[in-house]
Amino acid sequence: MQKEITSIVCSFCGRGQPEIKKFIASPMGNAFICEDCIDICETILNSEDKKLSYKKRDITPKEIKKHLDEYIVGQDEAKKVLSVAVYNHYKKIEYNKKSKDNNFLRLDKSNILLVGPTGSGKTLLAKTLATILDVPFAMCDATTLTEAGYVGEDVESVLAKLIKNSDGDVKKAENGIIYIDEIDKIAKKQESRQLPKDPSGEGVQQALLKIIEGTIATVPVQSNRKTPYQETVSLDTTNILFICGGAFVGLDKIVKDRSKNHSLGFEKNIENKNQFDDVIMPQDLIKFGLIPEFVGRLPIVSSLSKLTSENLKDILTKPKNSIIKQFQEIMKIDGISFKTSSTAIDEIANQAYNLGDGARGLRTILENNLLDAMYCLPKSDIKNFTLDVDKKKLALRYETKKDDSVGATI
């Protein structure tokens with residue numbers, strides 16, 4: 001017959017029954033913790049988590065930019081704008097938490113619009129910021145979104161991605177960053193401005209308004225589409241930082257036409273000039289096709305310049321996770337040493353610049369030129385090779401264990 005336990009005592013505080021009514025036993029059944037001590041432990045753990053998460057965000061704009069410089073080449077003006085904007089954003093969150101119990105002024109958030117050619121680093125900037133601050137990050141392509149009721153993804157789908165990337169932690173997701181790419185593609189089209197419905201253009205802008213400004217959104221847990229009887233969660237988007245990006249082809253002409261007649265705004269420093277010689281004003285974006293309400297929710301606008309061939313050379317080698325270093329690490333897994341000559345770096349950068357795809361073209365060129373090496377070298381006798389230029393073309397030079405040159409082809 002099992003011995004009856006007549007008295008249970010909390011192993012933490014020493015109190016027992018009848019003072020404490022609920023206990024949790026250890027798996028072995030020889031130790032107990034009371035409900036009061038459980039609450040105290042939870043409070044301690046939560047406060048430590050908050051301190052840790054805030055500590056990573058409690059860095060100055062200069063420190064944020066310094067981290068961005070380690071991964072992103074050029075775009076100093078955009079990095080400066082983003083560093084200040086992100087620093088102020090999380091500072092506002094902490095201020096507003098304190099002001100709930102006081103009659104302090106409530107600070108509104110300022111979302112960001114990045115304007116620049118394809119491959120200039122808009123997406124990388126947003127991703128790197130989230131990594132530096134250790135906050136959840138999600139991104140979507142605006143062209144995949146549709147107004148509710150039409151075939152395609154609802155705008156809430158990006159919120160579902162953010163929760164998923166937060167491992168289901170809604171509170172953590174509520175302090176994250178969302179990047180919406182190709183935002184210029186949902187501008188009102190000239191031919192559709194007379195039509196009653198524009199499900200992939202103005203309709204999406206209208207649908208994005210509330211979640212960008214701040215609302216309690218109902219988000220599906222398991223999928224991106226809301227269906228009857230599906231489990232959903234409520235997500236407060238008030239503290240989520242939204243960064244939108246787009247190429248905005250033709251916007252530079254609108255800015256120039258406006259600046260001919262008006263000299264509003266501050267002119268950029270001559271050293272930082274890009275395709276936008278003057279500051280982008282709200283009326284420029286409205287004329288491009290964004291609705292006024294949407295423009296008003298993106299008060300911080302920063303333009304990125306087209307990358308030069310010198311920028312592309314730096315991107316190949318200088319960042320911590322540069323493309324060359326990534327390929328070297330891939331080959332190192334198979335015990336193979338990979339080098340690039342300075343002339344090869346110049347040639348790759350020039351080819352990428354001529355492609356007009358910015359930094360995206362660099363990886364394509366390397367993938368194409370390293371294909372034979374990645375196909376033939378694993379488990380072969382060749383353990384060293386160099387990407388060089390031969391007869392004005394990129395070529396590979398291989399070396400065997402005896403350091404005999406094998407030539408430009410296998």
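Mentor: Start with Tyr95, which is found in helix 3, residues 76–99. Helices here are DSSP runs (H or I, at least four residues), strands are E runs of at least two, and both are numbered from the N terminus. The model is predicted, so local features need pLDDT of at least 70 and side-chain atom pairs 80 or more, while totals for chains, interfaces and linings use all residues. Residues count from 1 along each chain as its sequence is written, and side-chain values use heavy atoms, without hydrogens or water.

Stay with Tyr95. Its relative accessibility is 30%, so Tyr95 counts as partly exposed. That class lies between buried (under 20% relative accessible area) and exposed (over 50%), with a 1.4 Å probe and protein chains only.

Lys91 and Leu107 are 16 residues apart in sequence, and their C-alpha atoms are 9.6 Å apart in space. Lys91 is partly exposed, because its relative accessible area is 41%.

Now the charged pair in this helix. Side chains of opposite charge can pair when their charged atoms come close. Lys97 and Glu94 do this: their side chains form a salt bridge, 3.8 Å from N to O. The term needs a side-chain nitrogen of Lys or Arg within 4 Å of a carboxyl oxygen of Asp or Glu. Both Lys97 and Glu94 sit in helix 3, three residues apart, which is about one turn of the helix. The two partners have their own labels. Lys97 is partly exposed, since its relative accessible area is 41%. Glu94 has 18%, so Glu94 is buried.

How many salt bridges does the structure hold? There are 16. Look at helix 11, residues 309–317, where Glu310 and Lys313 lie three residues apart, about one turn of the helix. Their side chains meet in a salt bridge at 2.8 Å, N to O. Glu310 counts as partly exposed because its relative accessibility is 45%. Next comes the salt bridge of Asp314 and Lys318, at 3.5 Å, N to O. Asp314 is partly exposed at 22%, whereas Lys318 is exposed at 58%. Shared partners can also chain salt bridges together: Lys65, Asp69, Asp76 and Lys79 are joined into one network this way.

Back to helix 3, and to its packing. Two packed helices are described by the angle between their axes and the distance between the axes. The axes of helix 3 and helix 4 (residues 122–133) come within 12 Å and cross at roughly 45 degrees. That angle is why helix 3 is called oblique to helix 4. Axes are lines fitted to C-alpha atoms, for helices over the stretch in contact, and angles run from 0 to 180 degrees between N-to-C directions. Under 35 degrees is roughly parallel, over 145 roughly antiparallel, 65 to 115 roughly perpendicular, and the rest oblique.

Helix 4 packs with helix 2 as well. Helix 2 covers residues 61–71, and its axis lies 10 Å from that of helix 4, at an angle of about 125 degrees. So helix 2 is oblique to helix 4.

Move on from helix 4. Asp134 lies in the loop between helix 4 and strand 4 (137–141). Its phi is near 55 degrees, a positive value in a residue other than glycine. Asp134 is partly exposed, because its relative accessibility is 43%.

Where does Glu182 lie? Glu182 is in the loop between strand 5 and helix 7. Phi of Glu182 is near 55 degrees, again positive in a residue other than glycine. At 25% relative accessibility, Glu182 is partly exposed. Lys185 lies in the loop between strand 5 (177–181) and helix 7 (202–213). Its relative accessibility is 38%, so Lys185 is partly exposed.
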